Amino acid sequence: MGSANTNLFVRSHVGRDLLQNAALFRHEKQVVWEYVANSLQYVDHGTQPVVRVHINKKAKRISIRDNGRGMTWDDLQNNFFVMHGENIDRKLGKPGRGMFGTGKSAAFGIGKILRITTVRSGKRSKVELRRSDIEKMNSGDPVPVVVIEKEVPTSESNGTLVEIEDIFRKSIDRGAITRFIEQHIARWPNATVSVDNRLCEYNEPPIAEEIRVRAEDERSKSALGDVELVIKVSKSPLEREQNGIAIFSQGVWHETTLAGCEGKEMAQYILGEIDVPVLANDTSPVPPFDLSRSMQLNRENELVRHLLSFIGTHVDRVRRRLVEQERQRRQTEEVKRLEREAAEIAKILNDDFNALRTRLAQMAARKPGGSDLYPEAGEVNATSPLLDPGEDIDAEPADIDGGAGQGSGEATEGREPPDLGEFLQRSDRENAPAKGKDSKSERVKRPRGGFSVEFRKLGETEARAKYEREKRTIYINLDHPQLTQALGLASIEEPAFRRLAYEVAFAEYAIALAYEMSDEGHFIDLEEPIFEIRRVLDRVTRAAAHLYRPTR
């Protein structure tokens, strides 16, 4: 038996540990929410939290300022800058976040500098941590933090300012940050959070019905406790951030899931929530969640498997009923007439969309010293920026023999030219081989082809139209007061209604297209998408002029 006094210890490489944890925060929305959530949770008693997020895209800087309780020097030294430290509030028995003590590393998932300015009880401290200093560490020694101010007397109110600078992401998605915050703050009804000049608000979509299910069978009740699953059916298709059942434990959100119904018909109308307190107290060898911030529970945990089975069974039951209702709805004569109108609108939109994609492909192909790889109208290459990712597409080799180069390219010094692969174009031939595959993306797979249009009753409070990116579908809201008045007691073929429907669809298409192009990086400044919206509206209204001809 060896002696216990061997002077052999387990050590941690602090710098490497910090950066490895930072790598778990892959998106700016996760990083910002990490600090916003701290701001909402750690406030003085009786204080309504106010958090302001400011994004400077040009300077590559994000700041988060709050009116929370702030931190003392002792809090900074013995809590905030301690990796995997025990959360003080949780130690006192208060439920909340901060189970793994890794949040302070979040900033380095996207940036190179983290600066903290905090005020507590009339004393202000300011410190800074740089990624370059962390990377210099080649041992298990503590990482030095630059002290700018230490407990300087001040008349400022309690609060903390978090600044993340030298952000190395190519772009900062302000919209994604805002939507991510809005999805979360439903649990903080008294909080005020803004992103630049936009106030973040959780707006639940119009709900068609709500179903409440309790865990009543012995197996579920024994595993999950006395929990209630709330399933809601939206009147309109949901954004990805809202779609699914939000799983909470003692008020802390851990995942949103459809528990096996993802991508199935009518699943995009389902949302809801369930709070399972026993998740937070589970001490199984395989924990229900980890420090990865993946927003996904561990499927190897037995309690999680029970929970997902319970959710999946009831969600699928609701989904199947919605599928049957939708099938019956489509059998009506009125719906069939609306589908014909929608097809007419979609044809105009897709003629314009295909022409745009061809132009984009031509622009991308023009390089210094080369010729246009896409001289023929109608040819669209499978790598066109707006030929979106997702499924195999019917394609065939494109006949694109280019002309001679113009001699302005640089010499290759004997190197082999890069293999650009086979250029493909979409094929309308019935038996064309499915050789093309849209490029990969972090987003959900998109449909083949272009836009589709559907008439739906989305609720009186919803907008005239709604664009669903994942399906590239424009929904025209028949419940909107303007369309309701235009339709009145007349038929769908009534000119006033048809013209209004066209204009609603055209406007939504122009905005959707500008959004898609902005997301692909086609715009440099703010005026460009506005100009593009005007230009698209002019094109499609001109193409649809014949539809406005008076009927006799």
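Reply: A residue is called buried if its relative accessible area is under 20%, exposed if it is over 50%, and partly exposed in between, with a 1.4 Å probe and protein chains only. By that rule, both Phe455 and Phe497 are buried, and buried residues make up 45% of the 552 residues in the chain. This is a predicted model, in which local features need pLDDT of at least 70 and side-chain atom pairs count only at pLDDT 80 or more, while totals for chains, interfaces and linings use all residues. Residues are numbered from 1 along each chain as its sequence is written, and side-chain values use heavy atoms, with hydrogens and water left out.

Me: How many helices and strands does the chain have?

Reply: The chain comes to 12 helices and 20 strands, where helices (H or I, at least four residues) and strands (E, at least two) are DSSP runs numbered from the N terminus.

Me: What makes the pair of Phe455 and Phe497 stacked, tilted or edge-to-face?

Reply: The structure holds six aromatic pairs. In the pair of Phe455 and Phe497, the ring centres are 6.1 Å apart and the planes stand at 35 degrees, so this pair is tilted. The rule is that rings of Phe, Tyr and Trp (its six-membered ring) pair if their centres lie within 6.5 Å, with planes under 30 degrees apart counting as stacked, over 60 as edge-to-face and the rest as tilted.

Me: Which parts of the chain does the pair of Phe455 and Phe497 tie together?

Reply: Phe455 lies in strand β18 (residues 452-456) and Phe497 in helix α11 (residues 495-519), so their pairing ties together parts that are 42 residues apart in sequence. Glu341 itself is found in helix α9 (residues 333-365), and with a relative accessible area of 11% it is buried.

Me: Which residues form one aromatic cluster, and what lies over the face of Phe451?

Reply: The cluster is formed by Phe353, Phe451, Tyr467 and Tyr509. Arg472 lies over the face of Phe451, at 5.7 Å from the ring centre, and a charge is said to sit over a ring if NZ of Lys or CZ of Arg is within 6 Å of the ring centre and within 35 degrees of the ring normal.

Me: How do you know that the length of helix α8 agrees with its number of residues?

Reply: The expected span of a helix is 1.5 Å times one less than its number of residues. For the 28 residues of helix α8 (residues 302-329) this should give 40 Å, and the end C-alpha atoms are 41 Å apart, which agrees.

Me: What makes Asp316 buried or exposed, and which side chain does the side chain of Asp316 meet in a polar contact?

Reply: Asp316, which lies in helix α8, has 15% relative accessibility and therefore counts as buried. Its side chain makes a polar contact with that of Arg319 at 3.0 Å; such a contact is a pair of N or O atoms within 3.5 Å, where within protein one must be able to donate a hydrogen and the other to accept it, and residues adjacent in sequence count only if both atoms are side-chain atoms. Leaving aside neighbours within four places in sequence, Asp316 is in contact with Cys261 and Lys264.

Me: How many disulfides does the structure hold?

Reply: The structure holds zero disulfides, a disulfide being a pair of cysteine sulfur atoms within 2.5 Å. Cys261 counts as buried because its relative accessibility is 2%, and Cys200 counts as buried at 4%.

Me: Why is Asp166 called partly exposed, and why is Met266 called buried?

Reply: Asp166 has 40% relative accessibility and so counts as partly exposed, whereas Met266, at 9%, counts as buried. Asp166 sits in the loop between β6 (159-165) and α6 (174-184), and its phi is near 55 degrees, a positive value in a residue other than glycine. Met266 belongs to the loop between β12 (252-257) and β13 (270-275), with a phi near 70 degrees, again positive in a residue other than glycine.

Key. Contact means heavy atoms within 4.5 Å.
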